[in-house]
Amino acid sequence: MEDLIITGPGIQDEEYIVNMGPQHPSTHGVLRLKIALKGETVERIEPHCGYIHRGIEKMCERLTYQQMIHLTDRMDYLSAHINNEAVCLLVENALQIEVPERVKYIRTILDELTRLASHELWWCAFGMDLGALTTYFYGLRDREPILDIFEETTGARLLQSFNVPGGLMNDIHPNFQKRVKEYITYFRKKLPEYDELLTGNVILQERTRDVGNLSLEDAISWGVTGPSGRASGFACDVRKHHPYSAYDKVDFNEILYTKGDSFHRYDARVREMWESLKILEQLIDNIPEGDYAVKMKPIIRLPEGEYYQRVEACRGEFGVYILSTGDKWPYRAKFRSPNFSNLSAINKMAAGFKIADLVAIGGSLDLVIPDIDR
Amino acid sequence: MAFNIYDLTSFNQSIDKFLYDNLPSFWAMIVEMTIIGVAFLLFYAVIGLFLVYAERKVCAFIQNRVGPNRVGPYGIFQTIADFIKLLMKEIIPIRKADQFLFNLAPFIVIIASFMAIAAIPFGLGLHAIDLNIGIFYVMAVSSLGVIGVLLAGWSSNNKYSLIGAMRSGAQIVSYELSVGLSMVTIVVLAGSMQLSEIVEAQRNGWFIFTGHVPAFIAFIIFMIASTAETNRGPFDLAEAESELTAGFHTEYSGIKFAFFFLAEYMNMFIVASIATTLFWGGWMPLHIGGWEGFNHVMDIIPPFFWYMGKTLVVIFLMMWFKWTFPRLRIDQLLKLEWKYLLPVNLFNLILMALVVLMKWHF
């Protein structure tokens, strides 16, 4: 028994140190959480990052802006399209290029499809974390048509790299509008199933209500954004407050709660799926005619200076900071990834709760590990 | 030797007589025990394989999937293939494990479920030992399995295993009470602890129907508590894979893992058997008073099939739970038992006693 108790500096007596990860089913990747347990109660958590660090920011310093797109895909692979858009918007704003309306509409539609696909996958994984294995197959069933739409239009299912500075890589597939409309009617019927299977379940409510509360002050000071932040009442939806692309032309609600517990983080995401459907409905019939891209030079040189662009990725605010010296590649690129900030608050949320709650809290934060480590 | 599928008593007695006539009584007993043992081993293996297949098909059905469909027609040989794989797999030795306990644990788990199955009446005359305290015996023996779980968790020298085993211990000690009390409720109604008599008492109506409200409440409590006792979802905290990877059997591989795996399904079968015996009339066919023609048709189906059919329905219920509900948390699990199930159960027992005393039951 002696060798089960680790003693050493910083470790208090009778604390049971458990390493959750880097190989663990519910860390959704190679995240390592060092947990100090007292019985089943979590005393404190130390996240250890870097297991999937690929040096994306450093690599960007030797890549042209068109090439950077292919790396931003690989940070938060579930909001690949949105991440790409951030870089494209940054370049377009820096060069003061006005992209055609058609591009804006298509980008917004693809954004929302990405968000739907991402939230569906999160819903699967959240159910799995709580032990409801059936959710996984329900969510994947509904995600599949979205990936098919992506495949048809962009040629890729997950990492599309469809946005390029100045517009899109290609025009949309002739079937695109029809299939998206079909999907909206399909998913409007399927979404209530999510509530029936999981939201209304008494065990889910017991497991998530008043678990992992995060106050508004903490959410702001730890920079918790996205649905997780909005569940705490932090009005941080970039789409609403700093609209980009076609978000200023659509009417949707920012889902805001005040409680900030796991259940409201869960609920915020499910409600957001309804809002995404609303946005899609408003845009899909109104895609204007026009070009799908502005003619750009093969090598883009941003004027000297600092640039920052933020977008609302599926998990929160995604920011790109570029320091340019007028060269064809950035002098310094920095990405503000939502998952990194969201993860940083996990000790605040989970300390004092049970180890099973930690899994629920981690699930409700919807972490994508490659985005944390970059 | 008359073989009557509806009543195997005379068939068994004739075998018994044949053996004792031709062999010294000691050897006759040994031969009988061997026959019964081999029969149970076969039954155990077949049921285990079948339940694993059934679970995979049921869960596939619930999850919009097809399930196993490659090995043999409809994939019926899939579990056999899986077990051959597990048999051939290397057993990974754990260097820092407590070797003796580590190797002993799977056997305790499987022996406990083996012993419990001996006392279950599968049909008229299909009953290995008819103890006069049958229900008490089944309860006592089936809860021995937790010792194996605790040993497995302790000896693996793995933190997740230990947490899983501790959870399992807390869970089974608590839910044993509810299982026991809901059984006692039926014992009060039946007036006997002998399983054959309990079944016989249901000849004119299954206890779930004749026992009024208390029998129904007891059944629901029994289902909840026994699902918890078998460590199945939504109470599968001991092996909650999203929290503890695989809980107490994380470190086991090959055939030892197969033992745990098989024992889990057998426990489910035993629990469903008890539910069938106590609440759903055991091997008694369904009779509806006054419907003579219907009752005759029901009588044609042999008791063993009645018994298996009912048990499989109960097992399907348990699978349904597992694949739709999220998992509870350990404190919620204990709260459910001590704050809700136990008081309701005690009250229910008094109610049942009252019903029996006042002769309100049918």
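Two strands are said to pair if DSSP finds at least two bridges between them, and helices (H or I, at least four residues) and strands (E, at least two) are DSSP runs, numbered from the N terminus. This is a predicted model, in which local features need pLDDT of at least 70 and side-chain atom pairs count only at pLDDT 80 or more, while totals for chains, interfaces and linings use all residues. Residues are numbered from 1 along each chain as its sequence is written, and chains are lettered from A and ligands numbered from 1 in the order in which they are written.

**Hairpin in chain A**

- Strands β2 (residues 32–38) and β3 (residues 41–48) of chain A pair in the antiparallel sense over 7 bridges, and A:Ile35 has A:Ile45 of β3(A) as its bridge partner.
- These strands, β2(A) and β3(A), form a hairpin with 2 residues between them, and A:Gly39 in the turn has a positive phi of about 65°.

**Helix packing in chain A**

- The axes (lines fitted to C-alpha atoms over the stretch in contact, with angles from 0 to 180 degrees between N-to-C directions) of α11 (residues 262–284) and α14 (residues 355–365) of chain A come within 9 Å and cross at roughly 30°.
- That makes α11(A) roughly parallel to α14(A), a term for angles under 35 degrees.
- The contact (C-beta atoms, placed from the backbone, within 7 Å) is made by A:Ser262, A:Arg265 and A:Tyr266 of α11(A) with A:Ala360, A:Ile361 and A:Ser364 of α14(A).

**Interface of chains A and B**

- In chain B, 23 residues are in contact with 27 residues of chain A.
- The elements of chain B that give two or more residues to the side touching chain A are α11 (241–244), α14 (303–324) and α15 (330–358).

Definitions and conventions. Parallel < 35°, antiparallel > 145°, perpendicular 65-115°, else oblique. Contact = placed C-beta atoms within 7 Å.
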